Amino acid sequence: MSAILLLVLGLGGMAAGYFFYSRFIAAKVYKLDPDFRTPAHEFEDGVDFVPTNRFVLWGHHFTSVAGAAPIVGPAIAVIWGWLPAFLWVVLGTIFFAGVHDAGAIWASVRNRAKSVGALTGEVVGGRARSVFMIVIFLVLLMVNAVFGVVIAKLLINNPGAVVPVWGAIAVALVIGQLIRRRMIGLGMVSVLGVACLYGLIFLGPQVPVALPESVGGLSANAVWILILFGYAAIASLLPVWMLLQPRDYINGLQLFVGLILLYAAVLIGNPTVVAPMINFGAPAGTPSMIPLLFVTIACGAISGFHGLVASGTTSKQLNKETDARFVGYFGAVGEGALALAAILAATAGFSSLADWQAVYSAFGQGSLTAFVDGGAAILSGGTGMNAEVAATLLTVMAALFAGTTMDTGLRLQRYIFQEWGEIYNQAWMRKPLPATLLAVISCLVLAFGAGGADGSGGLLIWPLFGTTNQLLAGLTLLVVTVMLVRRGRPTFYTLVPLVFLLLMTLAALLIQLKGFYTDQNWFLLGLDLVVLVAAVLVTLECAAALRRHKRLHEEEARS
């Protein structure tokens with residue numbers, strides 16, 4: 001089968017979703033108001049609350065939520081065949097992710113830019129908030145600890161990516177000043193920034209940087225993790241306009257250029273999808289596609305982490321409420337396009353079915369390797385690009401987006417500690433520096449406490465990320481739905497996705513629970529039980545709130 005058909009159908013469907021479905025959701029469900037005074041204006045402080053151009057904010061939101069997950073998830077899930085992964089990415093982007101992301105921004109903006117966890121206390125109740133905050137903290141802990149490992153391994157395996165990855169920070173600092181001080185127009189800033197990034201990508205392989213195998217008794221992996229968390233701590237304390245916004249914006253443009261190159265290579269080279277449409281001969285040990293497909297592919301279809309970004313940093317920078325459609329829904333479309341590229345690379349980037357089967361010999365195989373190698377093969381075959389440069393380009397794409405997600409994730413974790421400080425009346429915890437230190441320490445304790453001197457402890461709880469993350473998405477939709485009920489708005493468009501997500505996630509949690517018990521993995525078994533109980537408690541609280549607000553609305557309508 002030609003990869004061009006998947007490309008056209010996928011991008012066409014997502015474009016139609018943005019131009020038609022998102023307009024309906026914005027006007028009839030969320031009723032976005034261009035005259036509503038957003039928290040970015042009400043609480044403007046030049047650090048966290050900063051009214052931002054919607055294109056720049058889209059870049060921040062998109063690259064913060066993208067990370068490596070929309071590459072890893074689809075590249076693993078094609079082991080069940082390309083059709084299930086393709087359908088879930090396209091339909092999930094249109095009817096799930098866009099509605100979820102825009103809704104989380106809207107809900108937060110309407111409540112003084114509070115995070116979805118703190119917002120739960122006002123919309124649902126104090127008990128739901130307390131439990132929800134635990135789920136949120138676990139998701140952020142997993143994301144930050146694991147992405148530190150992912151980036152470190154990418155830098156070790158591809159020394160040519162080191163210069164572009166770290167050079168992008170210097171580019172972002174300059175771009176931030178140019179945008180803030182309006183020295184030149186945004187168009188020229190964009191061109192210069194992207195040109196610098198791609199210049200660094202071509203320079204990287206010429207000046208590879210590799211750490212020694214051991215530095216002060218620590219492995220290279222551990223040293224990179226410490227450096228990354230040190231950088232992320234500093235980045236999370238800087239004003240958003242100085243580094244976070246420009247880095248995310250330029251990275252967003254860089255990704256789109258990379259996607260255009262990859263998609264152009266597909267159109268020119270017309271590679272064949274060698275993977276089966278539905279893989280009836282999946283390797284032994286491959287789990288059931290339902291429900292695990294829907295938690296293996298999270299980012300790229302729908303992801304709870306998006307709600308944390310939407311209500312944690314994006315809502316504090318929204319210039320106009322109507323920008324939520326472009327920033328939130330179109331941000332989800334951008335991530336869906338990245339997930340589609342991962343599917344194409346992992347199914348059409350191989351010479352034959354036998355080559356594909358050799359990589360996908362067990363569940364969990366493929367991942368970033370399939371994306372980088374398969375994508376590089378498509379790029380070199382379609383455009384004639386040097387294979388090493390193509391591999392570096394794709395590696396840098398993955399590393400930069402994992403890095404921007406880690407930047408935002410640590411800032412969000414700092415917000416969680418600050419919100420706990422407000423909830424429990426701890427003045428010292430409300431300050432940015434102590435909260436940041438607590439966020440970094442918690443991640444490093446997991447990384448080195450569970451992983452030893454190598455610092456890879458985040459991978460220990462990663463098996464629970466998919467289910468916990470999708471649970472968070474369902475619970476975020478629950479909070480948004482409660483707000484809609486309170487306002488007498490249609491709830492069908494959020495209720496259907498949330499019911500589907502909760503059913504799939506709870507089923508996946510039970511399957512994992514059985515697996516952890518069989519393997520006698522008592523730590524993950526206990527953690528799985530905590531997440532499962534939290535899911536049930538928050539769901540019951542939200543269901544009670546839904547009934548309560550619906551009854552009140554009906555009584556008001558009759559009076």
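Which residues in α7 meet which residues in α10? The close-ups below take up that contact and several others. This is a predicted model, in which local features need pLDDT of at least 70 and side-chain atom pairs count only at pLDDT 80 or more, while totals for chains, interfaces and linings use all residues. Residues are numbered from 1 along each chain as its sequence is written, and side-chain values use heavy atoms, with hydrogens and water left out.

**View 1. Helices α7 and α10 meet at an angle.** On the α7 side, the residues are Asn144, Ala145, Gly148, Val149, Ile151, Ala152, Lys153, Leu155 and Ile156, and they meet Ala220, Asn221, Trp224, Ile225, Leu228 and Phe229 in α10. Contact here means heavy atoms within 4.5 Å. The residues of this contact divide into 11 nonpolar, 3 polar and 1 charged; Ala, Val, Leu, Ile, Met, Phe, Trp, Tyr, Cys and Pro count as nonpolar, Asp, Glu, Lys and Arg as charged, and the others, Gly among them, as polar. Helix α10 covers residues 220–237, and its axis and that of α7 come within 9 Å and cross at roughly 125°. Axes are lines fitted to C-alpha atoms, for helices over the stretch in contact, with angles running from 0 to 180 degrees between N-to-C directions. The two helices are therefore oblique to each other (under 35 degrees counts as roughly parallel, over 145 as roughly antiparallel, 65 to 115 as roughly perpendicular and the rest as oblique). Their crossing is right-handed, a term for a near helix turned clockwise from the far one by less than a right angle, with anticlockwise giving left-handed. Helices (H or I, at least four residues) are DSSP runs, numbered from the N terminus.

View 2. Leaving aside residues up to four places away in sequence, Phe132 touches Val116, Gly117, Thr120, Leu472, Leu475, Thr476, Val479 and Val538.

**View 3. Helix α1 runs alongside α5.** The axes of α1 (residues 3–29) and α5 come within 9 Å and cross at roughly 15°. That makes α1 roughly parallel to α5, and the crossing is right-handed. From α1, Leu6, Leu9, Gly10, Gly13, Met14, Gly17, Tyr21 and Ile25 meet Trp82, Phe86, Val90, Thr93, Ile94, Phe95 and Val99 in α5. This contact brings together 11 nonpolar, 4 polar and no charged residues. Also in helix α1 is Phe19, which counts as partly exposed at 46% relative accessibility. Buried means under 20% relative accessible area, exposed over 50%, and partly exposed in between (1.4 Å probe, protein chains only). Phe19 and Phe330 are 311 residues apart along the chain, with their C-alpha atoms separated by 9.5 Å.

**View 4. Helix α12 is largely enclosed.** Of the 8 residues of α12 (residues 289–296), 6 are buried, so this helix is largely enclosed by the rest of the structure. Those buried residues are Pro291, Leu292, Leu293, Phe294, Val295 and Thr296, and they pack against α4 (69–77), α5 (82–109), α20 (465–486) and α21 (492–518). Look for the cis peptide bond that joins Ile290 and Pro291, with omega about 15°.

**View 5. Helix α12 crosses α21.** The axes of α12 and α21 come within 9 Å and cross at roughly 110°. That makes α12 roughly perpendicular to α21. Ile290, Pro291, Leu292, Phe294 and Val295 of α12 make the contact with Phe500, Met504, Ala507, Ala508 and Ile511 of α21. The residues divide into 10 nonpolar, no polar and no charged.

View 6. Most residues other than glycine have a negative phi, and most peptide bonds are trans. Asn270 has a positive phi of about 50° and is found in the loop between α11 (244–269) and α12. For Asn425, phi is near 60°, and its place is in the loop between α17 (387–423) and α18 (432–451). Asn270 is partly exposed, with a relative accessible area of 37%, whereas Asn425 is exposed at 60%.
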